[in-house]
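I opened the notebook to look up a few things in this structure. My entries follow in the order I made them.

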Amino acid sequence: MAFAAFTAGATCPMDSLAAAIADANPSFKARCAELKAGSAAAQADGMLPGVEVDGEHLWGRGGDNRWGFGISQSFDWPGVYSAKRRARRAGDNAFSQLAASERVELTLEAKLALIDLVAARRNTAVIAEIYKNVTELTAFTQKALDHGQATILDLRKLQIEGLDMALRLEQAGQAQSEAVARLRAMGYDGDVPEDMDYPEASADYAAAESRWMSSPAVRASQSGAEAAAERASAAARSALPGFSLGYRHQFEGGNHFNGFSVGIALPSWGVSRAKAAAKAEAEAARIQAESQVAQTVAAFDDARRRLEGLSSRMKAYDEALSDADYAVLLRKSLDGGQISMLTYIQEINFFLEARLSRENTARDYHAALAVINKY
């Protein structure tokens, strides 16, 4: 059975890198090997039994010996093998779709880690910008204090603010390290380009819903149900007698005899229970397939609602933060004596929190977008 890779269109470097990470993930390779083993086992189950060879040698008091041998092949009732063949085909398709579904989830996992890394880098840039501003202002205030043009209180406020900014910068760096560690845990040992950004923000809900409803997970459950139904059909036909045909050769009294043999194999005593078990398995697989569809519908609706909410929040942040550089305006107001040092620090913190909230919303938005576009 060939495990064809399920591919969603790679539209940006992040998509391409996430797909490459998933393909190289050791857990994905192990899962593919496991699924191939299951497919091979299912194929072996539907093969003809081995040829039976028997022989005999008899002797009596008269000195005459008698010997013979035979070769025979057993067969199930007509229709059993075709049902098993259809079950194997459906099972192979289910295994292929399971492998594809596994790849989709691992690609999404890698993409979410990359999104977190990009978000951590962007947060670091925001904090570093404010930290630089505070550091420069602290140095300026120190000089002003030396000339009697500033108070020690102003300097201490800035120093404390600088310590807080340094801590935030360290935390942002730790978030980057954690995102990289997640990528390393997936088996990726390369570097992520510093200029990597989020994919283009777009979502076609109708197309996405269509992909979700024909996703590998849905198709795997449907193929599994089909395979179980065919196994139930094979089990029902197996309750009918089997046959064996063979060639026989006998030597007796100096003469050789050639002929053929026909046998009938009656069903085993537990065949009715085997039929019931196969029927119950088929019913369970059918219900599971229906459940998978219902779960997919619910998951898509939840993902769409989350994405729509985050999209509205993103627009609101972009509108609120679309004016001129707030930090520059604050610095000009401080230098012009229009605001105090305390007001400046309060306002710069307010601006920083707004920027970070906007970046965190962007991260959540792109994560939700990755989820809804994972197929």
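**Entry: confidence**

Over which residues does pLDDT stay under 50? I find that stretch at residues 1-11. For residues 1-11 the model has 26 contacts beyond four places in sequence. A contact here means heavy atoms within 4.5 Å. pLDDT is the predictor's confidence in each residue, from 0 to 100. Where pLDDT is low, the predicted coordinates should not be read in detail.

I note the ground rules. This is a predicted model, so local features need pLDDT of at least 70 and side-chain atom pairs count only at pLDDT 80 or more, while totals for chains, interfaces and linings use all residues. Residues are numbered from 1 along each chain as its sequence is written, and side-chain values use heavy atoms, with hydrogens and water left out.

Next I looked at the elements. Helices (H or I, at least four residues) and strands (E, at least two) are DSSP runs, numbered from the N terminus. Helix α4 (residues 152-185) has the highest mean pLDDT, 91. Helix α2 (residues 26-45) has the lowest, 76.

**Entry: the sheet**

In what order do the four strands of the open sheet stand? I read β1-β2-β3-β4, with antiparallel pairing. Two strands pair if DSSP finds at least two bridges between them. β1 and β4 (255-265) are at the edges, each with a single partner strand, so one side of each has no neighbour in the sheet. From one strand to the next, the twist averages 20 degrees.

I then went through the pairs.

- β1 (residues 52-59) and β2 (residues 65-75) are antiparallel over eight bridges. G55 has F69 in β2 as its bridge partner. E56 stands opposite G68 in β2.
- β2 and β3 (residues 242-252) are antiparallel over ten bridges. S72 is bridged to G246 in β3, and Q73 to L245 in β3.
- β3 and β4 run antiparallel, joined by eleven bridges. Q250 stands opposite F257 in β4.

β3 and β4 form a hairpin, with two residues between them. G253 in that turn has a positive phi of about 60 degrees.

**Entry: α8 against α9**

Two packed helices are described by the angle between their axes and the distance between the axes. What is the angle between helix α8 and helix α9? For α8 (residues 326-335) and α9 (residues 341-372) I get about 175 degrees, with the axes 10 Å apart. That makes α8 roughly antiparallel to α9. Axes are lines fitted to C-alpha atoms, for helices over the stretch in contact, and angles run from 0 to 180 degrees between N-to-C directions. Roughly antiparallel means over 145 degrees.

I listed the residues that meet. From α8 they are Y326, A327, L330, R331 and L334. From α9 they are M341, Y344, E347, I348, F350 and F351. By class, this contact has nine nonpolar, no polar and two charged residues. Ala, Val, Leu, Ile, Met, Phe, Trp, Tyr, Cys and Pro count as nonpolar, Asp, Glu, Lys and Arg as charged, and the others, Gly among them, as polar.

**Entry: single residues**

Is R331 buried or exposed? R331 counts as buried, at 19% relative accessibility. The cut-offs are under 20% relative accessible area for buried, over 50% for exposed and partly exposed in between (1.4 Å probe, protein chains only). Not counting residues up to four places away in sequence, R331 touches N133, L137 and Y344.

Y365 lies in α9. Y365 is buried, with a relative accessible area of 10%. Leaving aside neighbours within four places in sequence, I find Y365 in contact with A201, L307, L310, S311 and M314.

A225 belongs to helix α6 (residues 216-238). A225 counts as buried at 14% relative accessibility. Beyond its neighbours within four places in sequence, A225 is in contact with A285, R286 and A289. The C-alpha atoms of A225 and G91 are separated by 9.0 Å, and the two residues are 134 residues apart along the chain.

Last, A40 in α2. A40 is partly exposed, with a relative accessible area of 43%.

Key: Angles under 35 degrees count as roughly parallel, over 145 as roughly antiparallel, 65 to 115 as roughly perpendicular and the rest as oblique.
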